[in-house]
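Subject: Handover of the two-chain model

Dear colleague,

Please find below the structure I promised to pass on to you. My notes on it follow directly after.

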Amino acid sequence: MPKDDAETTALKKELNDLIAKCKADQEKVADAKLAEKCGDMGDVQRIRLVVKKSLKGHINKVNSVHYSGDSRHCVTGSLDGKLIIWDTWSGNKVQVIPLRSAWVMSVAFAPSGNFVACGGMDNMCTVYDVNNRDATGAAKMVRELAGYEGFLSSCRFLDDTHIMTGSGDMKICVWDLEAGKREVDFNAHAGDVVSISLAPDMKTFVTGSVDRTCKLWDVRAEKEKQTFFGHEADVNSVCYHPGGQAFATASEDKTARLFDIRSDQQLGHYTPPGNAGFTSCGLSFSGRYLLAGSDDNSIHSWDTLKVAHTGTLNAHENRVTSISIAPNGIALASCSWDQSVRVWG
Amino acid sequence: MNTLLERHQGCSGGYALLLEYVVCLAINIGLSDTAVMDMMVSTLQQQRSVTEQLRREAAIKRIPVSVAVADIVRFISEHEQEDCLLVGFTSQKVNPFREKSSCTVL
């Protein structure tokens, strides 16, 4: 077996030195701890959200939910092979879109409310026009984005003409929907990309992956700006803090964390009373509450600043697969393997 | 095959995951040593690219945690009163889930 050549050896040494330098630089700026610095802030009350609407209609596990920019409508995708667009204020179904493939894992609503997208084990991302119907009366399919070498795990509209996707082939793609072509296509992680969250100013985004890391990206670039370590198992969900300076994560390792971008390190480490992995996370409008959907059928909440558990939301009868917080903060939508979707407020 | 893995155990840190992942994949699917060596040449390129990336990341400016926390706290404090999940609805008029007593034009 030939030995490592000189270059490989040198690169490996440099890599280890660089990793050590990063860690040392992070420690140098770690002049405070989150909970201690917030020690004299007022406490927040235990979370008091109740189910305001129970949305019934799916007849199989619901895997994903996402609010529209109008904070009123949301879209859900289920293994029953349907997307349902709901009016969360009345609890009514606005549209039911039958899918070609029932294996949907992720859905997205364009902020404008004009389009929805979904994808999953069909290795495609399909986009539908909410305002135009086809001959059968269902929402018109406008694009089928194919060419993925893995399942579609996450998608988010940048605007009505561009969508970003993360997939099991470890890549991020940005598609031009008008041309139907990929604008950007790059290897993002050393494992499946599982979650994407766009910054409030839409100039950057974070990704979470089964390789246990999260990465920060500039929308226009193909190389990550920063990588965040800390989680000890798959990162299942990432969510930008509304202030744009930090992001929350939830993981299979049964913790949720808060990472700060400018100091390049983990600030908060949130654990629940029980012992189950987290599937999804979100932050309230101000960012004071961190919420995470769990394998234990509940949604856990924490005071983001004081790093304290502030209660659980119990109503689902099976794993909570996805949560979405309305852009104006009035409500939280959650969906579950128990086939239901709940709106909490 | 085992010696390949042993040599790579020298790599520490999350970035070595990439190299390890590719090599383990090759070994697990039963590729011959020659095939794995070919993959390692391309993983050499990946090693270069991973190292270049880390050079970039090591060079970024990091601000003190105390400043970062102060900024987050300021944002939260400024927006807390508008956070319905935290403070509830200011009046029933803004609550879209309230029972409606009469018809409203939407």
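A helix, in the sense used here, is a DSSP run of H or I with at least four residues, and the helices are numbered from the N terminus. On that definition Asp25(A) and Lys28(A) both belong to helix H1 of chain A, where three residues, about one turn of the helix, separate them. Please keep in mind throughout that this is a predicted model.

Asp25(A) and Lys28(A) form a salt bridge in which the closest N and O atoms are 3.3 Å apart. Side chains of opposite charge can pair when their charged atoms come close.

Another salt bridge in chain A joins the side chains of Asp185(A) and Arg182(A), at 3.1 Å from N to O. Here Asp185(A) is partly exposed, with a relative accessible area of 31%, and Arg182(A) is partly exposed as well, with 27%. Over all chains, a search of the whole structure finds 20 salt bridges.

**The contact between chain A and chain B**

The contact draws on 70 residues from chain A and 55 residues from chain B, and between them the two chains bury about 5,500 Å², with 67% of that area on carbon and sulfur atoms. Across this interface there are 15 residue pairs in polar contact, counting pairs in which both residues have pLDDT 80 or more. Several elements of chain A each supply at least two residues to the side that touches chain B, among them helix H1 (6-29), helix H2 (34-37), strand S1 (51-55) and strand S21 (265-270). H1(A) gives the most to that side, with 14 residues. Sorted by class, the side of chain A that touches chain B has 32 nonpolar, 15 polar and 23 charged residues.

How many salt bridges are counted between chain A and chain B? The count is six. One salt bridge brings together the side chains of Asp71(B) and Arg262(A), at 2.5 Å from N to O. Asp71(B) is buried, with a relative accessible area of 17%, while Arg262(A) is partly exposed, with 27%. Salt bridges that share partners also join Lys21(A), Asp25(A), Lys28(A), Asp264(A) and Arg62(B) into one network.

As for chain B itself, its secondary structure comes to five helices and zero strands. Of its 106 residues, 37% count as buried, and among its contacts between residues at least 6 apart in sequence, 49% join residues at least 24 apart.

Most residues other than glycine have a negative phi. Asp264(A) counts as buried, at 4% relative accessibility.

Ser71(A), which is not a glycine either, also has a positive phi of about 55°. Ser71(A) sits in the loop between strand S2 (62-67) and strand S3 (73-78) of chain A, and at 2% relative accessibility it counts as buried.

**Two further buried residues of chain A**

Gly329(A) is placed in the loop between strand S26 (320-325) and strand S27 (332-336) and counts as buried, at 0% relative accessibility. Leaving out residues up to four places away in sequence, Gly329(A) touches Phe285(A) of its own chain as well as Cys84(B) and Leu85(B). Gly345(A) lies 16 residues from Gly329(A) in sequence and 9.3 Å from it in space, C-alpha to C-alpha.

Ser334(A), in strand S27 of chain A, is buried with a relative accessible area of 0%. Its side chain makes a polar contact with the side chain of His316(A) at 2.8 Å, and beyond its neighbours within four places in sequence Ser334(A) is in contact with residues including Val65(A), Ile299(A), Ser340(A) and Trp344(A).

With best regards

How values were computed: Residues are numbered from 1 along each chain as its sequence is written. Chains are lettered from A and ligands numbered from 1 in the order in which they are written. Side-chain values use heavy atoms; hydrogens and water are left out. Contact means heavy atoms within 4.5 Å. Buried area is the accessible area (1.4 Å probe) that two parts lose on being put together, summed over both. A salt bridge is a side-chain nitrogen of Lys or Arg within 4 Å of a carboxyl oxygen of Asp or Glu. A polar contact is a pair of N or O atoms within 3.5 Å; within protein, one must be able to donate a hydrogen and the other to accept it, and residues adjacent in sequence count only if both atoms are side-chain atoms. Ala, Val, Leu, Ile, Met, Phe, Trp, Tyr, Cys and Pro count as nonpolar, Asp, Glu, Lys and Arg as charged, and the others, Gly among them, as polar. Buried means under 20% relative accessible area, exposed over 50%, partly exposed in between (1.4 Å probe, protein chains only).
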